[in-house]
Amino acid sequence: MARPASASKKPRAWQRMLSGRRLDLLDPSPFDIEIDDIAQGLARVARWNGQTKGDHAFSVAEHSVIVEALCAELQPDWPAKWRLAALLHDAPEYVIGDMISPFKAALGYDYKAFEHRLETAIHARFGLPGELPKTVHKTIKQADRISAFFEAVDIAGF
């Protein structure tokens, strides 16, 4: 029995960026990733789902700059490429938004694999390895947790 034409069609899963690039979210190409698109997207994505004190949302871009600065404090001798990796640690959120960690966990492996594919393409675009060395990943995660703690206490009202 033949499949209906619509069943074999690949779903539309691309996003047009302000740069004019068309990013396939299911099969992202490093050639379709531009730093201006990442910066624009992250500047407009709110951390904590916007549930923060103040007149304006605290953006993922702001968080990313803080994480990079913390990594520079934790590892002052790091080469520029690892500091760039820290700055880009949440870069996939420029197109998929910022979901709180408990929700990501509830979505499970498929979401993490999807996010990882996008992160790998972003890393390739900027000359970073798809898989960061464990020590680099661990330091970035430590800085991310430090930032999240202070964000939670100072701006999210925990």
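Modeller: The largest pocket has 29 lining residues, and Asp90, Lys104, Glu115, Lys141 and Asp144 lie nearest its centre. H6, helix H7 (109-125) and helix H8 (134-154) are the elements that each give two or more residues to this lining. This is a predicted model, in which local features need pLDDT of at least 70 and side-chain atom pairs pLDDT 80 or more, while totals for chains, interfaces and linings use all residues. Residues are numbered from 1 along each chain as its sequence is written, and side-chain values use heavy atoms, without hydrogens and water.

Colleague: What makes a set of points a pocket?

Modeller: On a 1 Å grid over the protein atoms alone, a pocket is an open set with protein on both sides within 12 Å along at least five of seven lines; lining residues have an atom within 4 Å of a point. The volume of the largest pocket, about 1,000 Å³, is the space filled by probe spheres set on points joined across faces, edges and corners.

Colleague: Why is leucine 107 called partly exposed?

Modeller: Buried means under 20% relative accessible area and exposed over 50%, with partly exposed in between (1.4 Å probe, protein chains only). Leucine 107 has 42% relative accessibility, and therefore counts as partly exposed. Its place is in helix H6 (residues 101-107), a helix being a DSSP run (H or I) of at least four residues, numbered from the N terminus.

Colleague: Which element gives the largest share of the lining of the second largest pocket?

Modeller: H2 gives three residues, the largest share; the second largest pocket holds about 160 Å³ of space.

Key:
1 Å grid on protein atoms, 1.4 Å probe; cavity = no way out; pocket = protein on both sides within 12 Å on 5 of 7 lines; lining within 4 Å.
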